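User: I am new to this structure. Please take me through its pockets, cavities and surface.

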Amino acid sequence: MATKILFYLLLLFTFHPCYSSSDELRSMESIPDLRDSMYMVIDGYPCVRLLNLSGKIGCSNPGREKVVAPIIRFKSAKELVQKSAVLVSIDEVQDFFTRISNDSRFANNIGGVLVEAGAGTRNKLKGFSPAQKFPQAEFAPYSNISYQWNQIGSGIMLKAYDFPVFLLSESSRLTLQEAAMKNEKTKNGYTTNVAEFELVMQTTKAGSPHSESCLKEGACLPLGGYSVWSSLPPINISSSFQSKPIILSVASMDSASFFRDKSLGADSPISGLISLLAAVDALSRVDGLTNLSKQLVFLVPTGEAWGYLGSRRFLLELDLLSDAVTGLNSSLIETVIEIGSVGKGLNQEVKTFFTHAAGVSSATNDTLAALKRAQDSLKSENVSILSANPSNPGIPPSSLMAFLRKNPLTSGVVLEDFDTAFTNKFYHSHLDDLSNVNSSSIVAAASLVARSLFILASNNKDSDSSILGAIKVNVSLVEELMGCLLDCDPGLSCELVKNYISPTNACPSHYVGVLLGDPTPKPNPEYVDDISRFVWNFLADRTAIPKKNASSSCSQDCSNKSEVCIRAETDGKGVCVVSTTRYVPAYSTRLKFDTGFWKVLPANSSDPMELVDPVWAESNWNTIGLRVYIIQDATYDCFVLLGGIAVTILAYLAILLTRTFITKALKRD
């Protein structure tokens with residue numbers, strides 16, 4: 001124990017406590033206290049390594065070891081003479097990565113990158129989108145893939161970087177700025193503030209060049225999760241004859257970002273998800289739904305930001321007639337209505353939305369007419385519906401693309417808050433957060449969707465306007481959903497979410513994540529992320545038929561096949577309700593889970609989407625961390641060492657002289 005204390009005291013004098021006040025030093029009572037004062041752990045969000053069949057993207061330490069580098073601000077880094085941890089403000093990110101692409105000498109001296117969050121500079125930015133100008137253009141059902149839907153897009157998130165990159169939290173940003181400025185002031189001093197990056201990816205250790213090899217080696221896992229679909233009213237799955245045409249409503253639940261766990265996607269696409277959930281809630285309170293001439297079905301796919309994993313797998317499961325889609329028949333899908341980005345439709349008190357239609361058909365015309373009729377019923381709400389510019393090459397990036405690539409004759413409409421290009425200047429960015437959307441715009445979109453769906457499902461173009469007027473969206477629910485799904489306060493700790501599930505994290509993230517275990521329509525809840533579990537419970541509850549005997553409790557399954565168990569996580573005693581709500585595994589159609597391992601299957605030449613399927617996977621890792629501390633210059637350490645040796649020699653000589661002197665003095669006596 002004494003040896004350990006001596007060791008840490010030596011470290012204290014050698015490295016110095018990092019940013020510790022004298023009061024903090026006096027309050028130290030143990031070795032961990034001393035260690036914590038020397039090494040400051042930094043809160044941040046990493047960019048991680050992803051792989052596809054063609055190669056890799058994202059970030060990783062270059063080797064198997066941690067990276068330690070002095071902190072320097074990009075604005076001060078005209079030239080880098082050594083490996084450095086570069087502190088970059090959000091408005092400098094584009095210039096920084098451009099320089100990396102053009103200046104190999106500069107790029108070779110990048111030890112790591114620390115990005116300031118930039119919440120305070122949002123209004124000064126023209127925009128920041130690390131995605132492509134045409135996201136996932138390879139899945140477009142038309143040939144003009146050079147079109148720029150995302151004009152501000154830089155594409156930096158789809159490139160590979162052999163150095164770690166972290167997005168700093170607001171509190172950590174100030175700490176790193178202080179460290180960088182101290183380094184600038186003491187440029188020739190003997191101490192340096194350094195950042196230590198721990199972002200060692202398993203695929204780097206294994207040397208995996210692409211997703212097929214890393215899946216075979218067990219160094220990565222495929223991107224994926226669980227989509228959710230539900231019907232209103234519930235479908236009688238015991239009947240083998242389903243004749244009602246299906247009106248399919250779609251809204252995605254996942255987004256993407258340069259930084260893995262900072263993927264909120266407020267406008268794109270979560271505003272559409274919230275609108276759909278609010279529309280379902282409004283429709284669930286309408287009487288006589290069992291008398292509708294058409295069946296309402298709601299699909300909330302995940303993995304759409306990474307090759308439309310959810311919608312493509314859903315279509316494949318329909319072809320296979322699997323248990324995940326029991327009760328559905330793809331031939332009965334009459335039209336698809338997708339709610340895309342609808343959080344920025346407010347313009348001078350008018351909520352304006354654009355309809356992007358796929359082809360010309362009677363079903364598409366009926367959908368457009370229903371939306372117009374719904375708009376007319378909302379005149380007092382200042383809601384406007386406009387047709388997208390006919391010069392557009394086709395529909396914008398959306399799940400409907402997967403349906404059209406599967407069947408070009410699919411009738412469908414995508415509802416968006418933009419016409420010819422994204423109005424969201426922070427598409428697939430950490431800045432697409434709660435402050436980037438407007439609740440009144442989402443409410444208006446939900447009202448349009450709810451009333452349009454009722455008009456289409458009732459198949460009565462002249463239905464009483466008083467019935468439409470009774471379909472009202474719960475504004476408080478929309479605002480609550482925004483707080484739950486788009487912010488950390490309250491985040492997933494909100495009462496609405498906790499009423500259904502026990503969330504694993506308070507802060508929501510809409511990154512799809514990786515698929516764990518054997519994909520099944522009845523997965524272990526531990527393998528399903530918080531958002532999917534919440535959406536499943538919410539839709540099952542809102543689309544359920546009230547039971548005469550609602551006292552039956554459950555923990556997982558219900559005895560009746562037409563029932564599902566909701567709220568099972570909250571107290572271990574869920575409730576069985578009559579609802580057709582199902583999970584559908586979402587992962588690449590070219591993957592197969594076999595005896596505990598994932599295998600990449602040959603592409604089906606008859607499926608054009610499989611020919612361009614990237615087959616995304618995420619590298620495994622042990623730990624991810626970032627911390628800051630102070631080190632001394634090696635030259636200074638040499639001087640200290642030499643000084644110590646000199647002092648030791650002099651002390652030894654002094655002892656010898658003293659002993660000789662004392663010995664002689666004693667002899668005289």
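User: Which residues lie nearest the centre of the largest pocket?
Analyst: This is a predicted model. Its largest pocket holds about 1100 Å³ of space. The lining counts 46 residues. Those nearest the centre are Asp261, Asn505, Cys507, Pro508 and Ser509.

User: Which element gives the largest share of the lining of the largest pocket?
Analyst: Strand S9 (165-168), strand S12 (225-232), helix H17 (530-542) and strand S26 (617-619) each give two or more residues to this lining. By class, the lining has 24 nonpolar, eleven polar and eleven charged residues. The largest share is four residues, and it comes from H17.

User: What is the volume of the second largest pocket?
Analyst: The second largest pocket has a lining of 27 residues, with Lys522, Trp536, Gln556, Asp557 and Val564 nearest its centre. Elements giving two or more residues here are H17, strand S21 (563-566), helix H18 (568-571) and strand S23 (581-586). The classes are twelve nonpolar, six polar and nine charged. The volume is about 780 Å³.

User: How many cavities of 30 Å³ or more are there?
Analyst: A cavity is a space where a 1.4 Å probe fits but cannot get out. The largest cavity has about 290 Å³ of space. With the cut-off at 30 Å³ or more, the count is four.

User: Which residues are closest to the centre of the largest cavity?
Analyst: Helix H9 (266-284) and strand S15 (333-339) each supply at least two residues of the lining. The lining divides into nine nonpolar, eight polar and four charged residues. There are 21 lining residues, and the closest to the centre are Ser268, Pro269, Pro397, Ser398 and Tyr427.

User: How many charged residues are in the lining of the second largest cavity?
Analyst: Residues lining the second largest cavity include Cys47, Val48, Met157, Phe258, Arg260, Trp306 and Tyr511. Nine of the lining residues are nonpolar and two are polar. The charged count is one.

User: Is Ile645 buried, partly exposed or exposed?
Analyst: Ile645 lies in helix H20 (residues 634-668). Buried means under 20% relative accessible area, and exposed means over 50%. Ile645 is at 41%, so it counts as partly exposed.

Notes
Residues are numbered from 1 along each chain as its sequence is written. This is a predicted model: local features need pLDDT of at least 70, side-chain atom pairs count only at pLDDT 80 or more; totals for chains, interfaces and linings use all residues. Side-chain values use heavy atoms; hydrogens and water are left out. On a 1 Å grid over the protein atoms alone, a cavity is a set of points where a 1.4 Å probe fits but cannot get out, and a pocket is an open set with protein on both sides within 12 Å along at least five of seven lines; lining residues have an atom within 4 Å of a point. Grid points are joined across faces, edges and corners, and a volume is the space filled by probe spheres set on the points. Ala, Val, Leu, Ile, Met, Phe, Trp, Tyr, Cys and Pro count as nonpolar, Asp, Glu, Lys and Arg as charged, and the others, Gly among them, as polar. Buried means under 20% relative accessible area, exposed over 50%, partly exposed in between (1.4 Å probe, protein chains only).
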